[in-house]
Amino acid sequence: MSPAGMGLRHHGPEPIDPVRVVVLGGRGFVGSELLAAMKHAGIATLAPPRLELDLTAADASDRLAGILRPTDSLVLLAAVTPDKGRGVGPFMANLTIGAAVARALERVTPAHVVYFSSDAVYPMSAGLVSEASGAQPSDLYGMMHLARETMLTTASRAPVAVLRPTLLYGAGDTHNSYGPNRLRRVAHKEGRIALFGEGEEVRDHLFVDDIVGLTLLALRLRSSGLLNLATGRSISYAELARKIAAQFERPIEIVGTPRQTPVTHRHFDVTALHKAFPAFRFTPIDEGLARAHCEMIGGA
Amino acid sequence: MSEPVIGFAGLTHLGLVSAAAAAARGFDVIAFDPDRARVASIARGELPVVEPDLPQRLDKHRDRLTCTADVAALARCDVVYVAPDVPTDEASASDLAPVRTLFEMVAGAVASEAVLVVLSQVPPGFTRSLPGPAERRFYQVETLIFGRAVDRALHPERFILGCAEPSLPLPPSLATYLGAFGCPVLPMRYESAELAKISINVCLVASVSAANILAEVCERVGADWSEIVPALRLDRRIGPAAYLAPGLGIAGGNLERDLATVCRLAEQHGTEAAVVRAWLADSEYRRDWALRQIHARVLTRVADPTLAVLGLAYKENTASTKNSASLALLAALAPFRVRVYDPSVAPRPEFHPQLAAAATPLEACAGGDALIVMTPWDEFRALRADAIAARLRGRTVIDPYRVLDAAACLAAGLDLVVLGAPAREAPP
């Protein structure tokens with residue numbers, strides 16, 4: 001499909017606060033930030049804790065169908081993330097979650113569905129990634145997201161927005177994958193940052209406030225379709241490390257390590273995002289890193 | 001034989017230009033269109049297209065040129081070209097029904113010995129499928145270029161002629177007419193000629209796609225595509241007239257139509273055309289180049305910008321906006337105020353919800369946070385950089401086609417963004 005055929009379509013002419021937003025996975029990094037932002041905006045929310053709604057349980061779809069109202073917007077963030085394993089177990093658990101939500105959507109049609117997928121659906125060899133890029137996951141985590149995208153868009157009669165965020169950062173990130181959060185924590189704790197190789201790989205890093213802002217826009221406009229969430233500006237890990245080190249008052253040593261894997265790069269063409277949300281402005285990475293740093297130091 | 005009388009049926013862009021060229025070459029011409037209103041407009045000198053030199057040519061040779069809505073007038077012709085522009089849909093697929101209908105209408109009106117030539121752009125197999133005697137039915141490749149159509153019709157590089165039997169001599173009337181242009185005539189079977197037209201356009205797209213890909217690399221690595229192009233032109237395998245100017249994607253409709261036809265033929269016959277699909281996708285990416293520049297260089301810095309846009313037509317010297325990069329840009333800038341000027345396309349509210357039409361290019365610049373030159377009209381080349389700088393509120397000039405004088409822009413304190421070279425900021 002051509003790039004022009006991708007991206008988001010808005011179902012509301014003007015942004016309107018959703019009546020109520022049901023968030024599945026509200027305790028995670030993005031979920032908690034999203035709930036806080038909606039609370040601040042005065043939007044009614046419901047984020048059932050796992051004790052009330054275990055999406056891997058046999059009765060999950062019944063319980064979710066009992067909760068959902070036709071006027072609700074549903075946000076699915078719940079997933080067993082890669083830091084908890086990339087094997088068959090998490091893969092099957094994530095499919096179970098997706099299946100439960102899909103079955104509930106077959107019974108109750110909400111006003112809108114937002115699904116958080118991942119840029120892991122794209123292979124690292126995809127070149128400049130856009131929504132038109134072929135989704136060919138190279139691992140079970142990406143495969144899971146691609147399968148869940150299809151589950152939800154097939155099951156739902158409501159507009160579905162599939163969002164594929166790239167690497168996220170922010171002080172509240174509990175994951176410890178190779179990125180701004182880990183580099184900052186390691187620098188804070190050890191006074192040095194160790195890079196893979198010399199940090200040649202370039203990646204796009206998205207500040208959590210931006211993903212929250214973009215999600216709120218999609219909710220308010222009842223958007224449907226497919227959108228990558230990325231800034232369109234990639235930097236190398238070496239440059240990222242220098243930016244993070246510069247946040248500290250004491251010197252932070254940046255060291256390379258013997259490379260174990262080939263260098264890969266990831267760049268995004270975010271034209272579809274510009275078209276979907278023309279007035280949206282990303283947080284510049286220097287500002288985002290500074291804010292995350294201050295929050296971490298303040299909370300340390 | 002005496003000079004043949006040449007007929008043209010279908011008086012849109014292709015038919016009108018071709019009729020003017022035939023008259024300019026000294027032939028009596030009957031120009032027919034079934035649309036009486038269109039014929040009446042043309043007779044008053046009100047042409048349905050903007051094409052340099054066309055009004056002057058039609059006026060200069062009007063004693064040899066008869067415009068009519070009466071198909072029976074074609075009975076005088078020795079050769080009749082069927083030349084309506086072929087409309088395309090949003091998927092760039094041709095609607096061939098009008099050209100077939102017109103051919104059948106003409107075939108019923110001409111003398112029994114007259115030669116019929118399809119000049120419209122049609123896919124392989126179309127000409128053979130038409131009714132009537134094949135020995136007097138031909139297909140001729142048109143190579144009309146918007147903005148340069150008259151010159152190319154008067155001075156063609158060659159005639160590519162699809163025939164039922166290429167080894168047979170051409171009918172004398174057609175041979176006489178084509179011979180008047182003094183260029184090679186290449187007879188070939190119908191399908192080869194129909195595919196030759198598509199082949200020309202595919203090669204052009206291949207060339208310009210390569211230019212676009214490498215121009216973007218130039219922007220990132222500190223190279224300048226304009227310095228590389230002369231070296232390429234001196235390479236005999238590439239050539240002095242190669243399509244090497246980077247642009248904002250394929251537009252106008254004709255190239256897109258041919259690429260779509262190749263994809264359809266490949267699908268139908270099981271041949272590989274992934275590269276052609278990639279060119280189409282690449283074209284859409286190029287179309288949004290200016291939008292990406294505006295987001296990166298203006299919208300990140302200015303909260304509520306006003307943007308000055310010069311040019312709406314898909315290229316200079318035409319009023320066509322088919323697949324225009326400028327209109328695509330305007331559609332993606334809905335929340336922002338836009339001031340627009342184009343020499344031949346009147347701004348319309350459906351282009352943009354907050355569009356203000358300017359009477360001159362400099363009026364469009366007034367109070368703008370950035371200037372974006374979306375069509376390389378000659379009129380814009382004459383703009384003085386200091387006059388632009390005096391009217392703009394901001395400093396950013398996005399000039400993909402390098403219409404403006406770069407050194408003068410920088411000297412006037414303007415930051416300049418072009419295709420094929422790194423962006424340059426004015427010295428402080």
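This is a predicted model: local features need pLDDT of at least 70, side-chain atom pairs count only at pLDDT 80 or more; totals for chains, interfaces and linings use all residues.
Me: Which sheet holds strands β4 and β5 of chain A, and what is its order?

Reply: In chain A the order is β1-β11-β7-β5-β4-β2-β3, an open sheet of seven strands whose pairing is mixed. The edges are taken by β1 (7-10) and β3 (44-46) of chain A, each of which has a single partner strand, so that one side of each is left without a neighbour in the sheet. Direction ignored, neighbouring strands of this sheet are turned against each other by 20° on average.

Me: How is strand β10 of chain A placed, buried or exposed?

Reply: Burial is judged residue by residue, a residue being counted as buried if 20 or more other C-beta atoms lie within 10 Å of its own. For strand β10 (residues 202-207) of chain A, five of the six residues are buried, so this strand is largely enclosed by the rest of the structure. Its pairings complete the picture: strand β8 (residues 167-169) of chain A runs parallel to β10(A) and is joined to it by three bridges, with A:L168 opposite A:L206 in β10(A). Strand β12 (residues 234-236) of chain A pairs with β10(A) in the antiparallel sense, again over three bridges, and there A:D204 stands opposite A:S234 in β12(A).

Me: Into which domains is chain A divided, and which elements supply the side of domain 1 that touches domain 2?

Reply: A domain may be assigned from more than one stretch of the chain, and that has to be kept in mind when reading the bounds. Chain A is divided into domain 1 (3-168 + 205-229) and domain 2 (170-203 + 234-266 + 283-299). Taken over C-alpha atoms, the centres of these two domains of chain A are separated by 27 Å, and their contact takes 14 residues from domain 1 and 15 residues from domain 2. On the side of domain 1 of chain A that touches domain 2 of chain A, at least two residues each come from α1 (29-41), β8, β10 and α6 (208-220) of chain A. By class, that side has seven nonpolar, three polar and four charged residues.

Me: What does the domain assignment of chain B give, and how is the contact between its domains 1 and 2 made up?

Reply: The assignment gives domain 1 (6-188), domain 2 (198-286) and domain 3 (288-417) of chain B. The C-alpha centres of domain 1 and domain 2 of chain B lie 29 Å apart, and the contact takes nine residues from domain 1 and eight residues from domain 2. The side of domain 1 of chain B that touches domain 2 of chain B divides into four nonpolar, five polar and no charged residues.

Me: Which strands make up the six-stranded sheet of chain B, and which helix packs on the sheet?

Reply: A sheet is described by its strands, and then by what packs on it. This one is an open sheet with parallel pairing and the order β11-β10-β9-β12-β13-β14 (chain B). At the edges stand β11 (355-357) and β14 (415-417) of chain B, each with a single partner strand, so one side of each is left without a neighbour in the sheet. Strand β12 (residues 370-373) and strand β13 (residues 396-398) of chain B pair in the parallel sense over three bridges, with B:I372 opposite B:I398 in β13(B). Helix α11 (residues 289-299) of chain B packs on the sheet, where it touches β12, β13 and β14 of chain B, and its direction makes about 170° with that of β13(B).

Me: What does the radius of gyration say about chain B?

Reply: Such a value is read against a rule for chain length. Chain B, which has 16 helices and 14 strands, has a radius of gyration of 24 Å, close to the 22 Å that the globule rule gives for 428 residues, so chain B is as compact as a globular protein of that length. Its C-alpha trace spans about 75 × 50 × 35 Å along its principal axes, and buried residues make up 48% of the 428 residues.

Me: How many residues of chain A are in contact with chain B?

Reply: A contact between chains is counted from both sides. Here 11 residues of chain A are in contact with 14 residues of chain B, and the side of chain A that touches chain B divides into five nonpolar, three polar and three charged residues.

Methods
Residues are numbered from 1 along each chain as its sequence is written. Chains are lettered from A and ligands numbered from 1 in the order in which they are written. Domain bounds come from an automatic or database domain assignment. Two residues are in contact if their C-beta atoms, placed from the backbone, lie within 7 Å. Ala, Val, Leu, Ile, Met, Phe, Trp, Tyr, Cys and Pro count as nonpolar, Asp, Glu, Lys and Arg as charged, and the others, Gly among them, as polar. Two strands pair if DSSP finds at least two bridges between them. Helices (H or I, at least four residues) and strands (E, at least two) are DSSP runs, numbered from the N terminus. Axes are lines fitted to C-alpha atoms, for helices over the stretch in contact, and angles run from 0 to 180 degrees between N-to-C directions. The radius of gyration is taken over C-alpha atoms; the globule rule is 2.2 Å times the number of residues to the power 0.38. A residue is buried if 20 or more other C-beta atoms lie within 10 Å of its own, exposed if 12 or fewer, and partly exposed in between; C-beta atoms are placed from the backbone.
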